[in-house]
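This report describes selected side-chain contacts and a loop residue. Please consult the sequence and the structure shown below while reading.

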Amino acid sequence: MHLLGSLVLLLATILRQVSGLETVVGLYGQTLEIPCNKGAVKAEDVLITKWKYDKGDGLSGDLLVRKKTENVSISATNEYMGRINMAANSSLLLSAAKLSDQRTFTCMMVVGLDINEYPVNVVVYKAPAGVEISDKAQELEIGKLTKLATCVAKDANPPANVTWLKNNKPLVDGGKGISIRASVQVDPVSGLSSTSSTLEYSATKEDTDAQFSCSARHNVGKGLASSTLTFTITYSTESIVLGVIAPEPLVEGDNVTLKCVADGNPAPTSFNFHLKGDVVPVKNMNTYTLTHVSRDTTGEYQCSLIGNPAMMASKNVTVNYLDINLSPSGNVVKTAGEALELSFQIDSSGDSKVSWTKDNVKLQKEPKFNKLKFSDSGSYETEVKMGALSKKAFFDLVVEGAPVIKQLSKQRSEDGQHKVLICEAEGSPKPSVSWSINGTSLDESPFVNGKVTHKITVVPTVNLTVSCTVSNEFGVDTRDINVSSLFEEVRVDKRDQSEDADQTKLVVGVVVGLLIAAMVIGLAYGIYQKKSKQGSWKTGEKENGSSEEERKLEEKGEENSQKAEV
């Protein structure tokens with residue numbers, strides 16, 4: 001009934017607004033100012049101002065009156081006693097606004113001989129005091145419509161609107177698995193309304209971590225929200241998964257833990273683990289550990305529910321391994337010229353990559369030693385990689401043998417005052433080098449790959465033969481080289497320079513003589529040509545005769561030229 005009365009009052013208010021009646025909205029418990037004609041009449045023109053209110057059933061009650069030059073006289077009794085006063089602008093001041101104040105108040109003004117009335121409708125709003133959730137369900141079962149909870153927005157006017165939310169998204173009545181029932185209760189004393197909203201919900205597996213809440217919206221004040229709720233969602237096991245917890249990569253000697261996970265709620269806690277033919281039951285836990293695995297551990301493993309063997313999951317476990325065998329290994333000593341056969345084997349659980357180095361320098365392929373050379377000596381290492389696994393093997397090769405002189409040479413120093421003798425040899429162990437003469441500025445290169453180069457500087461005063469001898473514990477090799485005296489070379493150089501100068505003078509004389517002879521012959525030939533032509537014009541001889549004489553003269557000129565060249 002109270003709710004119906006409130007609705008009727010609200011409807012009456014709307015009708016008054018439509019008809020032009022002024023409406024003032026006040027907040028519950030606060031002072032409300034009701035204007036009188038909004039100051040359209042000047043205060044000095046008003047003789048009397050009076051306020052009254054509508055008591056219903058066509059009756060009115062007086063509140064207060066103020067005559068010009070007199071103070072306000074309050075005549076209110078009952079509920080308005082001590083709650084009213086008049087402002088300087090003739091507005092009615094109503095303190096501690098209540099829902100019973102929702103009625104029409106009329107201001108009467110006497111101006112001259114006129115009496116005017118200004119009715120004002122009053123509406124009092126109150127935001128809900130809060131939002132509370134009650135009757136929370138203990139758990140939700142998948143597929144079963146269950147009362148989740150009831151949300152109450154208390155003491156509001158007009159009644160608040162309540163909305164249910166899941167993960168901050170509104171739920172709509174009539175949606176899939178959703179039923180919402182709302183009701184409003186009015187307090188018989190205060191007249192304030194409380195809105196109750198009950199949510200019935202059919203949960204799914206995805207609602208396991210869902211957060212439910214409710215909120216209240218009102219004409220005044222901010223929206224209110226409840227605390228969030230989570231529920232235990234119960235359902236039977238639908239699937240099972242076997243997980244493998246192991247180092248990466250899994251190698252021999254490691255431990256592997258098998259973990260069986262079922263999606264039921266409450267989750268199963270007892271399982272059967274199928275270990276390559278053996279069934280091991282495990283209660284009150286969902287793991288089983290394989291210790292110190294080997295390559296034989298590789299295979300398929302399974303787990304199942306103890307109460308439902310058909311509910312099973314499987315997983316393959318692969319134990320990675322990498323073994324290499326290099327022969328020979330360690331220190332290897334061989335003789336130059338021999339063959340060395342390498343045996344290299346790989347045993348692995350997958351594809352691998354092989355690389356070789358010699359003295360930390362990468363080789364393009366595996367070394368082959370069909371005929372060992374001193375330069376083959378060195379430290380060889382192979383590395384095999386398979387994913388994150390890697391293994392190495394090595395051997396240090398020493399090729400021994402009698403030394404051999406590869407080259408014995410000589411050259412002048414840059415200043416030309418010395419001779420540098422160079423003896424290049426191979427052998428292992430490192431051969432010692434000796435010379436048949438004493439020299440200075442001895443220089444020996446580092447012994448690398450069985451090679452050594454020895455240099456001496458000498459100043460020979462006579463022509464001589466010099467020997468270089470190299471030796472080690474396996475043999476000796478000697479080679480000779482002829483070295484001429486530096487002084488003899490200087491005399492030869494000077495004689496060669498003198499002969500070159502004489503030859504140059506002779507060549508120049510011959511060239512000059514030939515040039516003079518050619519000039520004389522050319523001059524004689526020109527005079528002859530001139531005389532021959534003059535005689536022809538005088539005697540009338542044929543040109544053929546003249547041509548014959550010219551030919552004879554040319555032949556004679558050629559003979560003289562050949563003689564001059566000889």
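A residue is called buried under 20% relative accessible area, exposed over 50%, and partly exposed in between (1.4 Å probe, protein chains only). Because its relative accessible area is 59%, Ala43 counts as exposed. The model is predicted, so local features need pLDDT of at least 70 and side-chain atom pairs count only at pLDDT 80 or more, while totals for chains, interfaces and linings use all residues. Residues are numbered from 1 along each chain as its sequence is written, and side-chain values use heavy atoms, leaving out hydrogens and water.

Ala43 lies in the loop between strand E2 (32-34) and strand E3 (48-56); strands (E, at least two residues) are DSSP runs numbered from the N terminus. Ala43 and Ser90 are 47 residues apart in sequence, with a C-alpha to C-alpha distance of 8.2 Å.

The whole structure holds nine aromatic pairs. Rings of Phe, Tyr and Trp (its six-membered ring) pair if their centres lie within 6.5 Å; planes under 30 degrees apart count as stacked, over 60 as edge-to-face and the rest as tilted. Two of the pairs are tabulated.

| Pair | Centre to centre | Angle between planes | Class |
|---|---|---|---|
| Tyr53 and Phe105 | 6.4 Å | 40° | tilted |
| Tyr80 and Phe105 | 5.9 Å | 85° | edge-to-face |

Tyr53 in strand E3 and Phe105 in strand E8 (residues 104-111) are 52 residues apart. Tyr80, in the loop between strand E5 (72-74) and strand E6 (84-86), is 25 residues from Phe105. Ring pairs join Tyr53, Tyr80 and Phe105 into a cluster. Tyr53 is buried because its relative accessibility is 10%, and Phe105 is buried at 0%.

Terms used
Helix = DSSP H or I, 4+ residues; strand = E, 2+ residues; numbered from the N terminus.
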